[in-house]
Amino acid sequence: AAVEAAARSQAARVGAKIDWRCEEGDEVSVAGVHARYADLVVAAPDVARELVFVSASPVMAIPDGATPNGLKRAVIAWNGSQEAARAVRDALPLIEAVESAEVLVIDPPRQEIGTDIARRLAAHGIKVDVRERLSGDADIGGLLLEEARVSGADFLVMGAYGHSRLREWVLGGATEEVLQAAKIPVLMSH
């Protein structure tokens with residue numbers, strides 16, 4: 001009841017409309033069904049990890065201790081994948097509202113990849129800076145988080161699980177690393 005009252009108060013303060021549902025059962029199963037009807041799902045990273053698969057909705061993972069003071073600066077992790085494209089489409093309303101956005105391309109497969117998505121975002125009236133980085137021996141997830149920190153990002157947009165979950169669990173992967181270590185909200189789509 002206290003969490004519901006706080007959520008409703010916050011929503012009312014910013015003029016947002018929310019639905020509140022409280023059910024018993026497996027957290028991911030129950031939330032996954034309801035999340036299919038949502039524009040955006042907000043969850044803790046451990047729940048977000050599962051909801052990104054079962055909800056078919058964009059999921060914003062909010063790490064413990066994160067205190068978002070508004071979403072003013074976005075970093076978009078872009079690799080040209082289907083997952084990244086879906087994340088950008090899902091995040092468009094948020095990206096359109098930020099003061100600045102940066103497209104971050106790590107190990108570009110071809111030079112135009114960052115310019116291509118910047119052109120697409122410009123069609124929506126969004127001006128972005130494009131930055132390309134080579135990973136060297138660095139883990140991609142750690143590099144994404146470091147670049148987001150350096151640029152002062154309030155949130156990160158990325159595709160989730162471009163490889164199988166088993167492969168990412170066994171070998172590690174950018175999604176898992178970001179979910180475990182992020183200090184800022186991360187909007188993910190799969």
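# Reading a predicted fold, feature by feature

Guide: Let's open with aspartate 90, which counts as partly exposed because its relative accessibility is 24%.

Visitor: What do buried, exposed and partly exposed mean here?

Guide: Buried is under 20% relative accessible area, exposed is over 50%, and partly exposed lies in between (1.4 Å probe, protein chains only). The areas come from the Shrake-Rupley method with a 1.4 Å probe, and for residues only the protein chains shown count as cover. Before we go on: this is a predicted model, so local features need pLDDT of at least 70 and side-chain atom pairs count only at pLDDT 80 or more, while totals for chains, interfaces and linings use all residues. Residues are numbered from 1 along each chain as its sequence is written, and side-chain values use heavy atoms, with hydrogens and water left out.

Visitor: Which residue forms a salt bridge with aspartate 90?

Guide: The general idea goes like this: side chains of opposite charge can pair when their charged atoms come close. The cut-off used is a side-chain nitrogen of Lys or Arg within 4 Å of a carboxyl oxygen of Asp or Glu. For aspartate 90 the partner is arginine 86, with the closest N and O atoms 3.7 Å apart. The two are about one helical turn from each other, because they sit 4 residues apart in helix α4 (residues 82–97). Arginine 86 has a relative accessible area of 29%, so this residue is partly exposed as well.

Visitor: How do you decide what is a helix or a strand?

Guide: They're DSSP runs, numbered from the N terminus: H or I with at least four residues for helices, E with at least two for strands.

Visitor: How many salt bridges does a search of the whole structure find?

Guide: The search turns up 11. One of them joins glutamate 4 to arginine 8, with 3.0 Å between the closest N and O atoms. Both residues are in helix α1, 4 residues apart, about one turn of the helix. Glutamate 4 is partly exposed because its relative accessibility is 26%, and arginine 8, at 38%, is partly exposed too. Another bridge brings together the side chains of lysine 127 and aspartate 129 (3.7 Å, N to O). Lysine 127 is exposed, with a relative accessible area of 68%, whereas aspartate 129 is partly exposed at 41%. There's also a network, in which salt bridges with shared partners link Arg73, Glu102, Arg131, Arg133 and Glu147.

Visitor: Where is arginine 133?

Guide: Look in strand β5 (residues 128–133). Arginine 133 has a relative accessible area of 30% and is therefore partly exposed.

Visitor: What span should helix α1 have?

Guide: As a rule, the expected span is 1.5 Å times one less than the number of residues. Helix α1 (residues 2–14) has 13 residues, so it should span 18 Å; its end C-alpha atoms are 19 Å apart, which agrees. Just after α1, glycine 15 takes a positive phi of about 75°.

Visitor: Which residue has a positive phi of about 60° although it is not a glycine?

Guide: That's alanine 56, in the loop between α3 (45–54) and β2. Alanine 56 is exposed, with a relative accessible area of 54%. Aspartate 107 is not a glycine either, and has a positive phi of about 55°. Its place is the loop between β4 (100–106) and α5 (113–122), and at 34% relative accessibility aspartate 107 counts as partly exposed.

Visitor: What are surface patches made of?

Guide: Residues with over 30% relative accessible area and no salt bridge; like charges are joined within 9 Å, and nonpolar side chains (Val, Leu, Ile, Met, Phe, Trp, Tyr) within 5 Å. Lys and Arg count as positive, Asp and Glu as negative, with His and the chain ends not counted. Each charge is placed at NZ of Lys, CZ of Arg, CG of Asp or CD of Glu. Here, a negative patch gathers Asp26, Glu27, Asp46 and Asp64. Aspartate 64 is in the loop between β2 (59–61) and β3 (73–77) and counts as exposed at 77% relative accessibility. Val3, Ile18 and Trp20 make a nonpolar patch of about 260 Å².

Visitor: Is leucine 143 buried or exposed?

Guide: Buried, because its relative accessibility is 9%. Leucine 143 lies in helix α6 (residues 140–151).
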